[in-house]
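Dear colleague,

I am handing over the structure below, together with notes on what turned up when it was examined. Please read the notes with the sequence and the coordinates open beside you.

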Amino acid sequence: MNHLTEERIYQHIFAADALNAQEIEHLAGCEECQSSLQSLTSLNRELIVAAQSTPHQQTLNSYYQLFEQIQTNPSILVR
């Protein structure tokens, strides 16, 4: 069997498309395909963390409203 294509590995990781028996067998013995799979799996995990770390627009709007209330001039006590 030829190496798994990058597109096939993408389908497996990002679209949850299960590998067939031939692909699994090839992957078990091919370091190049294992490396590609591992790299894309790591990328997928990082993308999940990035998505979870991004605040919702409603939360950002709340922050922006709070920012407008921040006093920009020094208070009398600091002068």
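Against which helices do the buried residues of H3 pack? They pack against H1 and H2, where buried stands for under 20% relative accessible area, exposed for over 50% and partly exposed for what lies in between, with a 1.4 Å probe and protein chains only. The helices named here (H or I, at least four residues) are DSSP runs numbered from the N terminus, as strands (E, at least two) would be.

Before the details, please keep in mind that this is a predicted model, in which local features need pLDDT of at least 70 and side-chain atom pairs count only at pLDDT 80 or more, while totals for chains, interfaces and linings use all residues. Residues are numbered from 1 along each chain as its sequence is written, and side-chain values use heavy atoms, with hydrogens and water left out.

The buried residues of H3 are Cys33, Leu37, Leu40 and Asn44. The 23 residues of H3 should span 33 Å at 1.5 Å a residue, and this agrees with the 33 Å between its end C-alpha atoms, the expected span being 1.5 Å times one less than the number of residues.

A nonpolar core is taken here as a set of buried Ala, Val, Leu, Ile, Met, Phe, Trp, Tyr and Cys residues joined through side-chain atoms within 4.5 Å. The largest one has nine residues, namely Leu4, Ile9, Ile13, Leu19, Leu27, Cys30, Cys33, Leu37 and Leu40. Helix H1 (6–14) and helix H3 (31–53) are the elements that give two or more residues to this core, and its largest share, three residues, comes from H3. Leu19, one of the core residues, is in contact (heavy atoms within 4.5 Å) with Arg8, His12, Ile24 and Leu27, once its neighbours within four places in sequence are left aside.

Salt bridges around Arg8

Counting a salt bridge wherever a side-chain nitrogen of Lys or Arg lies within 4 Å of a carboxyl oxygen of Asp or Glu, the total comes to two. Arg8, which is buried with a relative accessible area of 13%, forms a salt bridge with Glu23, the closest N and O atoms being 2.7 Å apart. This pair links distant parts of the chain, since Arg8 is in helix H1 and Glu23 in helix H2, 15 residues apart. Salt bridges that share partners join Arg8, Asp17 and Glu23 into one network. In the bridge between Asp17 and Arg8 the closest N and O atoms are 3.2 Å apart, and Asp17 is partly exposed, with a relative accessible area of 36%.

Glu23 belongs to helix H2 (residues 21–29) and counts as buried because its relative accessibility is 7%. Apart from its neighbours within four places in sequence, Glu23 is in contact with Met1, Leu4, Arg8 and Ala18. His26 also has its place in helix H2, and at 15% relative accessibility His26 counts as buried. Not counting residues up to four places away in sequence, His26 touches Met1, Asn2, His3, Leu4 and Cys33.

The surface and the loop

Tyr10, Phe14, Leu43 and Leu47 form a nonpolar patch on the surface, with about 330 Å² of accessible area together. Accessible areas come from the Shrake-Rupley method with a 1.4 Å probe, and for residues only the protein chains shown count as cover. Patches are made of residues with over 30% relative accessible area and no salt bridge, like charges being joined within 9 Å and nonpolar side chains (Val, Leu, Ile, Met, Phe, Trp, Tyr) within 5 Å. H1 and H3 each supply at least two residues of the nonpolar patch; Phe14 is found in helix H1 and is partly exposed, with a relative accessible area of 36%.

Ala16 is found in the loop between H1 and H2, where it is exposed, with a relative accessible area of 67%. Ala16 has a positive phi of about 55 degrees although it is not a glycine. Most residues other than glycine have a negative phi.

The segment after helix H4

Pro74 lies in the segment after helix H4 (57–68) and counts as partly exposed, at 46% relative accessibility. From C-alpha to C-alpha, Pro74 and Ala21 are 69 Å apart in space, and they are 53 residues apart in sequence.

With best regards
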